[in-house]
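Please keep the sequence and the model in view while reading.

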Amino acid sequence: MHRCHHHHFTLIEIVLVLAILAALLTVVLPNVGRIPAKYSRAKAVESIQRVFSDASLRARTTGQVIQLTVNPRNSTATTRELNYARQTNMSNRKQASGGNTEESALWSSKTEFSDKIKWLKYGNKQNFREMNYRFYPNGEASGPNASFEWEKQEYRLYFDNLTGTVSVVAMND
């Protein structure tokens, strides 16, 4: 005849397991609450970078000048494909911006950034109503660097005029 031995947990073993679980939860739960905020912040930064890279890519693929205008007051970006009466290159671009060429929009789109983004004055800006960027078919671009804040975290948007790329860097992380 064979006897079955049943092993039961003691009260001390159960209490010990519960204490370990409670300790783990006190460490994990505060960090879990921050995950959505980090995700939202990363998504907002990525949307800014995507708008700039899309404008640069569109200029190279269409052969047209693309103008990107960021409006800091309502946190929107308007992208327009410009049609010049005569094409300009880097050497006579200053003349073109002085009004010697007529431009009209062939295509336009508007992107709304997160309402939690607060654009900040960066550098010596007299007029902070809008920030204008232009992307040219040869990959070059023109426009200012910018700065914005997201939930007390400051970011700098560095704009590379030679390649038309933008990088966003957290400043007080």
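Helices (H or I, at least four residues) and strands (E, at least two) are DSSP runs, numbered from the N terminus. The model is predicted, so that local features need pLDDT of at least 70 and side-chain atom pairs count only at pLDDT 80 or more, while totals for chains, interfaces and linings use all residues. Residues are numbered from 1 along each chain as its sequence is written, and side-chain values use heavy atoms, with hydrogens and water left out.

E151, in the loop between β7 and β8, has a phi near 45°, a positive value in a residue other than glycine. E151 is partly exposed, at 41%. S75, in the loop between β1 and β2 (76-84), also has a positive phi, near 50°, but S75 counts as buried because its relative accessibility is 4%.

The interior comes next. A nonpolar core is a set of buried Ala, Val, Leu, Ile, Met, Phe, Trp, Tyr and Cys residues joined through side-chain atoms within 4.5 Å. The largest such core has 26 residues, of which F52, W119, Y133, F135 and L157 touch the most other members. Elements that each supply at least two residues include α1 (11-62), β1 (65-71), β4 (117-120) and β8 (153-160). The largest share, seven residues, comes from α1. Leaving aside residues up to four places away in sequence, Y133 has contacts (heavy atoms within 4.5 Å) with, among others, F52, I66, L68, P144, L157 and F159.

Rings of Phe, Tyr and Trp (its six-membered ring) pair if their centres lie within 6.5 Å; planes under 30 degrees apart count as stacked, over 60 as edge-to-face and the rest as tilted. W119 and F148 form a tilted one, with 5.2 Å between centres and 55° between planes. Because W119 lies in strand β4 and F148 in strand β7, this pair ties together parts that are 29 residues apart in sequence. F148 and Y155, with centres 5.2 Å apart and planes at 15°, are stacked. F148 is buried at 1% relative accessible area, and Y155 is buried at 7%. Elsewhere, ring pairs link F52, Y133, F135 and F159 into a cluster.

Key:
Buried < 20%, exposed > 50% of the residue type's maximum accessible area, 1.4 Å probe, protein only.
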